[in-house]
Number of protein chains: 2
Amino acid sequence: MYRRTPFTVITLGTGAALPARGRYPTAQLVQIGGASYLVDCGEGTQERLRSEGINFVGIDRIFIGHLHGDHYLGLMGLISSMHLLGRKKELHVHGPKELKEVLDVQLRASGTYLRFPLHVHTVLHNSGVVLFSDKRVTITSLALKHRIPCTGFLFKEVLGPRRLRPDRVESIPIRERVAVKNGADVTLSDGTKIPNVELTFDPHPVRSYAYCSDTAYEPALIPFLLGVDLLYHEATFTNAMVAKAKETMHSTAGQAAEIAKSARVSHLLIGHFSSRFKSVDGLLEEARAIFPNTDLSYEGGRFLVGEG
Amino acid sequence: MYRRTPFTVITLGTGAALPARGRYPTAQLVQIGGASYLVDCGEGTQERLRSEGINFVGIDRIFIGHLHGDHYLGLMGLISSMHLLGRKKELHVHGPKELKEVLDVQLRASGTYLRFPLHVHTVLHNSGVVLFSDKRVTITSLALKHRIPCTGFLFKEVLGPRRLRPDRVESIPIRERVAVKNGADVTLSDGTKIPNVELTFDPHPVRSYAYCSDTAYEPALIPFLLGVDLLYHEATFTNAMVAKAKETMHSTAGQAAEIAKSARVSHLLIGHFSSRFKSVDGLLEEARAIFPNTDLSYEGGRFLVGEG
């Protein structure tokens with residue numbers, strides 16, 4: 001039985017609007033079967049990627065949820081470094097409608113003619129819109145609730161083929177194996193029919209990751225988050241500051257946990273911690289009281305989707 | 001005799017276009033008598049200022065020489081953090097004409113209404129234009145020679161008053177001391193006249209600092225740099241790469257030293273090192289062969305103008 005390809009989320013920065021206390025602004029790298037997707041790109045993200053030993057030149061796509069500086073100010077520098085390091089492969093960036101103008105103005109001002117095609121796609125403020133899909137993954141939008149249009153992203157694997165049973169694989173003629181993986185039965189030369197179920201295991205379960213930053217408490221998200229393996233949900237404040245959370249349209253750790261609980265996700269990861277918290281243990285405690293399988297994101301944290 | 005106020009240049013980043021090898025993109029803080037001026041502001045400058053223990057909220061003015069990313073991409077984040085940290089005092093930013101649009105587009109996209117007045121002033125590509133002056137300093141432009149319009153900045157102290165001799169100060173009536181500092185003689189009640197020269201020392205010599213990054217070898221700068229105490233001049237390459245320097249409109253360490261020598265400056269500081277150099281000792285050696293009083297800038301370096 002082949003080893004499953006890892007589906008990993010690397011949290012590069014876990015701070016909120018004001019970088020402080022050794023926390024960096026938001027950026028995450030999502031790796032699925034050889035492809036890598038950058039989600040948000042706060043100032044200094046290229047430096048963060050470098051210090052995590054990640055070759056960022058080959059990043060496949062970039063998704064920017066909203067245009068508050070702590071979520072995108074590293075993008076221009078990252079693109080510029082990709083250019084200087086010789087990237088040739090086209091780059092797709094998905095983000096709010098103003099993003100294209102922001103990039104165009106800066107490219108023009110710097111007299112830069114990129115050596116690779118840059119495609120900037122507008123993400124509208126809706127949930128459930130497919131932004132990208134290939135044979136491995138489908139990425140859809142999540143309409144978060146923030147002061148400016150802000151989207152989250154749902155990464156869901158595409159259902160794979162049925163898996164050949166190692167003890168039966170020799171009995172399947174080579175030319176029929178693809179069909180068997182797709183559910184076909186096998187008829188031997190003597191006319192014996194072997195049903196597919198005896199030759200294969202079910203496909204691996206589909207893994208999914210949802211990224212929700214920045215957002216007020218938003219129950220309308222729950223139908224889109226149902227049963228995800230890993231949910232990243234911002235937790236800027238504690239419940240003691242619920243009024244502040246409401247005013248700034250952020251969430252408390254308790255609210256993040258309520259969403260995780262209602263959506264029956266497997267694992268909750270919290271981040272986007274206000275710089276006022278020297279220690280974030282209180283945030284973790286608050287969330288775990290409601291949703292026990294919660295963890296803190298941290299700078300350089302690597303989380304396996306479907307294994308937490 | 002009062003202690004002279006320090007005139008300091010803090011080099012926050014010494015890398016070139018591509019940040020690497022522990023070097024950060026360009027930014028310098030120039031401190032003169034209580035005021036602080038930021039010169040260029042590459043990505044991550046706010047983080048660099050923080051790690052140097054500098055309270056950046058109070059920076060008086062910001063000067064951006066040109067709009068290549070490694071010289072300004074940290075500006076939006078710095079302004080945003082000043083806002084979040086409660087700055088109320090107006091901020092003046094001087095830079096190329098496109099800078100205002102770059103900032104406006106980003107402020108609009110993020111829905112930010114700054115709590116302090118932000119004034120963006122256009123710096124034209126000329127030498128010798130006064131950009132700012134107060135009772136302590138005059139800041140003028142230097143027309144560098146680069147791929148896009150690029151200016152350097154010359155910080156020159158304003159000549160101070162004559163200094164009262166400590167051993168004679170008691171003999172000067174208090175109400176006349178300001179006049180004496182400005183050169184007046186004193187007439188005692190018995191009619192004796194004491195010439196000013198017996199009561200005062202000359203003013204402190206005027207100190208000056210010139211910042212030249214990024215630029216090809218440009219002898220037209222020399223008349224504006226004559227006799228400065230400290231010259232920062234970029235030295236992206238060595239003379240072995242002079243063709244590359246010419247093509248990219250940067251300088252070699254040798255060329256930086258030639259400028260320093262021709263302008264008879266006191267002290268040369270080089271920086272903006274290409275990421276290809278693991279060690280920059282070769283750059284220093286090359287410059288010192290021509291202009292011995294050369295030093296390397298480094299991350300967090302503090303250089304006293306007029307004392308090197």
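**Helix against helix**

Modeller: Helices α3(A) and α3(B) are roughly antiparallel to each other, therefore counted as such under the rule that angles over 145 degrees are roughly antiparallel. Bear in mind that this is a predicted model, where local features need pLDDT of at least 70, side-chain atom pairs count only at pLDDT 80 or more, and totals for chains, interfaces and linings use all residues. Residues are numbered from 1 along each chain as its sequence is written, while chains are lettered from A and ligands numbered from 1 in the order in which they are written.

Biologist: At what angle do the axes of α3(A) and α3(B) cross?

Modeller: They cross at roughly 165° and come within 10 Å. Axes here are lines fitted to C-alpha atoms, for helices over the stretch in contact, with angles running from 0 to 180 degrees between N-to-C directions.

Biologist: Which residues of α3(A) and α3(B) make the contact?

Modeller: From α3(A) you have E101(A), V102(A), V105(A), Q106(A) and A109(A), and from α3(B) there are E101(B), V102(B), V105(B), Q106(B) and A109(B). Contact means that C-beta atoms, placed from the backbone, lie within 7 Å. By class, that contact has 6 nonpolar, 2 polar and 2 charged residues. Ala, Val, Leu, Ile, Met, Phe, Trp, Tyr, Cys and Pro count as nonpolar, Asp, Glu, Lys and Arg as charged, and the others, Gly among them, as polar.

Biologist: Zooming out, how many residues of chain A are in contact with chain B?

Modeller: 27 residues of chain A touch 27 residues of chain B. On the chain A side, the elements giving two or more residues are α2 and α3.

Biologist: And what rotation superposes chain A on chain B?

Modeller: A rotation of 180° with 0.0 Å of shift along its axis does it, at RMSD 0.1 Å. The two copies are thus related as by a two-fold rotation axis.

Biologist: Which residue of chain A comes closest to the rotation axis?

Modeller: That's G44(A), with its C-alpha at 2.7 Å.

Biologist: Switching to α2(A): why is it largely enclosed by the rest of the structure?

Modeller: Because 9 of the 10 residues of that helix, residues 75-84, are buried. Buried means 20 or more other C-beta atoms within 10 Å of a residue's own, with C-beta atoms placed from the backbone. The cover includes β3, α1 and β5 of chain A, among others. Helices are DSSP runs (H or I, at least four residues), as are strands (E, at least two), numbered from the N terminus.

Conventions
A residue is buried if 20 or more other C-beta atoms lie within 10 Å of its own, exposed if 12 or fewer, and partly exposed in between; C-beta atoms are placed from the backbone. Two residues are in contact if their C-beta atoms, placed from the backbone, lie within 7 Å. Copies are superposed by least squares on the C-alpha atoms of residues with pLDDT of at least 70 in both. Angles under 35 degrees count as roughly parallel, over 145 as roughly antiparallel, 65 to 115 as roughly perpendicular and the rest as oblique.
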